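Let's go through this one by question and answer. Have a look at the model first, then read on.

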Amino acid sequence: MADSSLHKVRLASKGKQTAQHAKNVGSPDLLNALVVASYGRHFLARDAEGEIWQVYGKGKRRDVAVGDEISILPSGDKQAWIEEIQTRRNLVYRSDALKSKMFAANLDGVLLILAISPPYSTELLGRTLTACKHADVPLTILFNKVDILEGDQETLDAVEQELFEITLGEVPTHYISVTEHPQETEALLRPLLTDKRTLILGQSGMGKSTLINLLIPDALAATNEISMALNAGKHTTTHTQMHFGDAGLELIDSPGFQAFGLHHLTEADLLNAFSDLRDEGNKCRFANCQHKREPDCAVKNGLEDGTLSPARYELYQMLKAELEEAQSQY
Ligand SMILES: Nc1nc2c(ncn2[C@@H]2O[C@H](COP(=O)(O)OP(=O)(O)OP(=O)(O)O)[C@@H](O)[C@H]2O)c(=O)[nH]1
Ligand SMILES: [Mg+2]
Ligand SMILES: [Zn+2]
C-alpha cells in the first residue's frame with residue numbers, strides 16, 4: 001500500500017477567523033478587512049461592517065491574495081491603502097508564464113471540478129495534488145456532468161480508474177451533475193462545505209460558477225453586476241472572487257484558465273507530493289537515480305510490476321522537468 005501522507009492534513013488550523021470582526025485597536029484610523037476579490041492590480045476587501053473597499057498596495061503590500069486578512073487605511077470614497085497583511089495559515093499560487101503569483105490564502109479546502117466535456121486535464125489534477133499537498137490544504141474532487149455519460153458505463157469506469165490511480169485513492173472523489181441533479185449535489189456538498197472557505201478550481205467550462213450559483217443563489221447576480229460594469233461578458237469568470245453563503249459558507253470562484261503555479265517549489269517539495277515514487281526511489285542502486293535508464297532502478301521495477309502508477313510517474317517527470325526549466329532561468 002502506498003504512503004497515505006496525502007491524506008494527513010492539518011485540521012488544527014480550521015475554524016472561524018475572528019480578526020476581521022474587530023476594529024484595529026493599535027491605530028484608530030486603520031480597519032481590518034478581508035480580501036474578497038482580485039483584479040490583478042487592485043483588490044476588493046470587506047470590512048467588519050460588510051462594506052466593500054477598493055484597496056491598493058504599495059511595494060510588498062501589492063502581493064495579496066483573496067482570503068488575506070489585511071489592515072487598510074481609508075483614502076477616499078470607499079478606497080483604501082493596504083497597510084498590513086496578516087500572517088497566512090496557508091497560501092496557494094497560480095501560474096503566469098514562468099512566474100507564480102499569489103492566488104488564494106487561508107483556505108479550509110480546495111474543490112477541483114472535472115468533467116468529461118470539455119475533457120479534464122490530468123496535468124491540472126497533478127498540479128493541484130502537488131499544490132494542495134505543499135500548502136497543506138485538503139483536496140476534494142468533484143467529477144461533474146455525469147449526465148453526459150449516462151448509458152456509457154465503460155467511460156465512467158475508465159474515469160474512475162484513472163482518478164483513483166492518479167490520486168492513489170486518497171482524495172475523496174464524488175460523481176455529480178450540478179444541472180441535472182441539483183438537489184443531490186446540494187445535499188452532498190452542504191455538509192462538506194459548511195463553515196469553510198473553499199477555493200473552487202477547474203478548467204474553463206467545468207461548471208465552477210454553475211455550482212457556486214446553486215449553493216449561493218446571490219452569487220450570479222453579484223458576478224454579473226461586476227462583469228457588466230467591467231464589460232467582461234456574462235458566462236466566463238474573469239477574476240478571482242469570494243462569495244458568501246449561509247452557515248459560514250465561503251466559496252472562491254476563479255477563472256478556469258488558471259493553473260496552479262509550482263515554480264516556488266523545490267524538488268524535495270515535489271517529491272513530498274509523490275511520496276510513493278520518493279519511497280521507492282530510495283531503494284534505487286544510485287542515490288541520484290533519475291529513474292530513466294539506470295540499472296537496478298526500483299522505480300522502473302515498480303512501474304513494470306504494477307506497484308507504481310505510470311500515470312503518476314509521467315506527471316512527476318513532467319513537473320520535475322518544469323521545475324528544472326524554471327530554476328535554470330534564475
Ligand atoms: N450537461 C451538463 N452541463 C453542465 C453541468 N454543470 C454545468 N454545466 C454547463 O457547463 C457550462 C459551463 O459552466 P460554468 O459554470 O460557466 O463553467 P466554469 O467552470 O465557471 O467556467 P469558467 O468561468 O470559464 O472558468 C455551462 O453551460 C453550464 O450550464 C452539468 O452537470 N451537466
Ligand atoms: Mg466561471
Ligand atoms: Zn531509480
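Q: Is Arg-127 buried or exposed?
A: This is a predicted model, where local features need pLDDT of at least 70, side-chain atom pairs count only at pLDDT 80 or more, and totals for chains, interfaces and linings use all residues. Residues are numbered from 1 along each chain as its sequence is written, chains are lettered from A and ligands numbered from 1 in the order in which they are written, and side-chain values use heavy atoms, with hydrogens and water left out. Buried means under 20% relative accessible area, exposed over 50%, and partly exposed in between (1.4 Å probe, protein chains only). Arg-127 has a relative accessible area of 7%, so call it buried.

Q: Which residue does Arg-127 meet in a salt bridge?
A: A salt bridge here is a side-chain nitrogen of Lys or Arg within 4 Å of a carboxyl oxygen of Asp or Glu. Helices (H or I, at least four residues) and strands (E, at least two) are DSSP runs, numbered from the N terminus. For Arg-127, the N to O distance is 2.6 Å, and the partner is Glu-322.

Q: How far apart are the closest N and O atoms of Arg-197 and Glu-250?
A: Arg-197 sits in strand 11 (residues 197-201) and Glu-250 in strand 13 (residues 250-253), 53 residues apart. Both of these residues are buried. Their salt bridge has its closest N and O atoms at 2.7 Å.

Q: Is Lys-320 buried or exposed?
A: Lys-320 pairs with Glu-324 in a salt bridge, with 3.9 Å between the closest N and O atoms. The two lie in helix 9, 4 residues apart, or about one turn of the helix. Glu-324 is partly exposed at 37% relative accessibility, whereas Lys-320, at 5%, is buried.

Q: Within what arc do the buried residues of helix 4 fall?
A: Helix 4 (residues 208-215) has Lys-208, Leu-211, Ile-212, Leu-214 and Leu-215 as its buried residues. Seen down the axis, they line one face of the helix, because they fall within an arc of 155 degrees. That arc is taken from the directions from the helix axis to the C-beta atoms. The value is 155 degrees.

Q: What is the geometry of the Tyr-120 and Phe-143 pair?
A: Rings of Phe, Tyr and Trp (its six-membered ring) pair if their centres lie within 6.5 Å; planes under 30 degrees apart count as stacked, over 60 as edge-to-face and the rest as tilted. The structure has 4 aromatic pairs. In this one the centres are 6.0 Å apart and the planes at 90 degrees, so the pair is edge-to-face.

Q: Which residues form one aromatic cluster?
A: Tyr-120 and Phe-143 are both buried. The cluster also takes in another Tyr, giving Tyr-120, Phe-143 and Tyr-175.

Q: How far is a polar side-chain atom of Thr-210 from an oxygen atom of ligand 1?
A: A polar contact is a pair of N or O atoms within 3.5 Å; within protein, one must be able to donate a hydrogen and the other to accept it, and residues adjacent in sequence count only if both atoms are side-chain atoms. For Ser-177, the distance to a ligand 1 oxygen is 3.1 Å. For Thr-210, it is 2.5 Å.
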